[in-house]
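I opened this notebook to record what I looked up in one protein model, item by item. The structure is placed here for reference.

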Amino acid sequence: MTPWLTVVGIGEDGFKGLGKNARRALLGASRIIGGQRQLDLLPVCIRGERQLWPSPFSLIPVLERAGEPVCVLASGDPMFFGVGASLARQVPAEQMLILPAPSSCSLAAARMGWPLQDVVTLSVVARPIAALNAQLSGGVRLLVLSNDGQSPAAIAQLLHERGFGASRLTVLEHLGGGAERRIEGLASDWTVTGIADLNVIAIECIADPGTPRLSRLAGLPDSAFQHDGQLTKRDVRAITLARLAPTPGELLWDVGAGSGSIGIEWMRAHPSCRALAIEADDGRQLLIEQNRDALGVPGLQLIRGNAPQALAGLERPDAIFIGGGVTRDGVLDACWSALKPGGRLIANAVTLQSEMTLMSWRDQHSGELTRIHIAQARPLGEFDTWRQALPITLLDVTKPLDA
């Protein structure tokens, strides 16, 4: 099948920077769809009807012309945080030809002399900048696609507030064009204004003295979370997440989420991991919102309400953690029914009643019970002794594939 749709990546150098195939596609297109900036880069010899993307953004102008010779213009590489990825989910691959130009991050890496494979790339285009918090660590290099000219100042402020004020920022404007410009400074004293909307920020992360190190592995220190005491403690949390075994693209239900620690660490395991935090208490809902932003997973979705009622209609999960409420009527049954075949259900119990519930559940559905005892050394007069935390009973059960 001959592709009817061509997605052309165009750089700041405009039409003259395009290859032969891209020029031919534009010359033969009956309609060319793109943003105003991209369309303005085309010469008058391009005769196809030009159409702006609608606001709010929609792919309908492209999809309703299936079969016609249509071109879509995109900045740089259309498959790198671009419209090409959205179109690829709607248009079969054999019906679409994608002709990329160098991405802004490729150009930025070239200007900085940074090997691109060693750099973390992310976008804050129509996305919360709190997502950067998950990437902050001394020695890390970031390339950030800005939303607009205000993004560098907002990111500098975030770095300063998170203990990375010593980080060096390099803002690269209009990469690949005649107006290309480079601006440098430290996050802690960033005062630059008048930055172009089209920019990429290169960040060399340097932690201020005393800034805590937060690993991406499970088991962040309890002090990393704001909580009211309803927190799965560090060592138990690490064991619980190891049993949940997050893998890319999976969805977790964190039922009775408390401060949100399990769902947050699940999402920190991989950028494509998703989580729903189900919590009824208003105060704890606020804590979840604060913790998810501070720890770089603003995409964690908060579901307000009590299980099992609040679970109705939610997307089926790959894994479920029940940190509280296992004795409430219908919670375990509703979770088990919603869990995908092959999914994991982990539930923790502290009280005798909740432990008995888990034991009864295992008798019906099999699974593994584990008793967790944690003791920490604490002062006793002139000496130290072990202080035993409340024991935790953990149920780990996998749903059969034929269930």
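**Entry 1. Basis of the model.** I noted that this is a predicted model, in which local features need pLDDT of at least 70 and side-chain atom pairs count only at pLDDT 80 or more, while totals for chains, interfaces and linings use all residues. Residues are numbered from 1 along each chain as its sequence is written, and side-chain values use heavy atoms, with hydrogens and water left out.

**Entry 2. Whole protein.** I recorded 11 helices and 19 strands in the protein; helices (H or I, at least four residues) and strands (E, at least two) are DSSP runs, numbered from the N terminus. The C-alpha trace spans about 80 × 55 × 35 Å along its principal axes. I found that 45% of the 403 residues count as buried. Buried means under 20% relative accessible area, exposed over 50%, and partly exposed in between, with a 1.4 Å probe and protein chains only.

I then looked up the accessible surface, which comes to about 19,600 Å², with 52% of it belonging to carbon and sulfur atoms. These areas come from the Shrake-Rupley method with a 1.4 Å probe, and for residues only the protein chains shown count as cover. Of the contacts between residues at least 6 apart in sequence, 64% join residues at least 24 apart; contact means heavy atoms within 4.5 Å.

**Entry 3. The parallel sheet.** I traced an open sheet of 5 strands in the order S3-S2-S4-S1-S5, with parallel pairing. Its edge strands are S3 and S5 (96-99), each of which pairs on one side only. The twist averages 20 degrees from one strand to the next. Two strands pair if DSSP finds at least two bridges between them.

Which residues of S2 are buried on its two faces? Arg31 and Ile33 lie on one side of S2 (residues 31-34) and Ile32 and Gly34 on the other, and all are buried. S2 pairs in the parallel sense with S3 (residues 49-52) over 4 bridges, and the bridge partner of Gly34 in S3 is Leu52. With S4 (residues 70-75), S2 pairs in the parallel sense over 3 bridges; here Arg31 stands opposite Val70.

**Entry 4. The mixed sheet.** I traced another open sheet of 5 strands, ordered S6-S7-S10-S8-S9, with mixed pairing. The edge strands are S6 (120-123) and S9 (181-186), each pairing on one side only. Neighbouring strands of this sheet are turned by 20 degrees against each other on average, direction ignored. S8 (residues 168-173) and S9 run antiparallel and are joined by 6 bridges; Arg168 has Leu186 as its bridge partner in S9.

I next looked up the helices that lie across this sheet. H5 (residues 104-112) lies across S6, S7 (141-145), S8, S9 and S10 (199-204), running at about 140 degrees to S7. H6 (residues 151-161) lies across S7, S8 and S10, running at about 20 degrees to S10. For these angles, axes are lines fitted to C-alpha atoms, for helices over the stretch in contact, and angles run from 0 to 180 degrees between N-to-C directions.

**Entry 5. Ala202.** Is Ala202 buried or exposed? Ala202 is buried, with a relative accessible area of 1%, and its place is in S10. Leaving aside residues up to four places away in sequence, Ala202 touches Met112, Trp114, Leu142, Leu143, Arg168, Leu169 and Thr170.

**Entry 6. Backbone exceptions.** Most residues other than glycine have a negative phi, and most peptide bonds are trans. I therefore listed the cases that depart from this pattern.

- A cis peptide bond joins Ser55 and Pro56, with omega about 5 degrees; Pro56 lies in the loop between S3 and H3 (60-63).
- The peptide bond from Ala307 to Pro308 is cis, with omega near 10 degrees; Pro308 lies in the loop between S13 (301-304) and S14 (319-322).
- Ala126 is not a glycine, yet has a positive phi of about 55 degrees. Ala126 lies in the loop between S6 and S7 and counts as exposed at 73% relative accessibility.
- Ala245, also not a glycine, has a positive phi of about 55 degrees. Ala245 is found in the loop between H7 (234-244) and S11 (251-255) and is partly exposed, with a relative accessible area of 34%.
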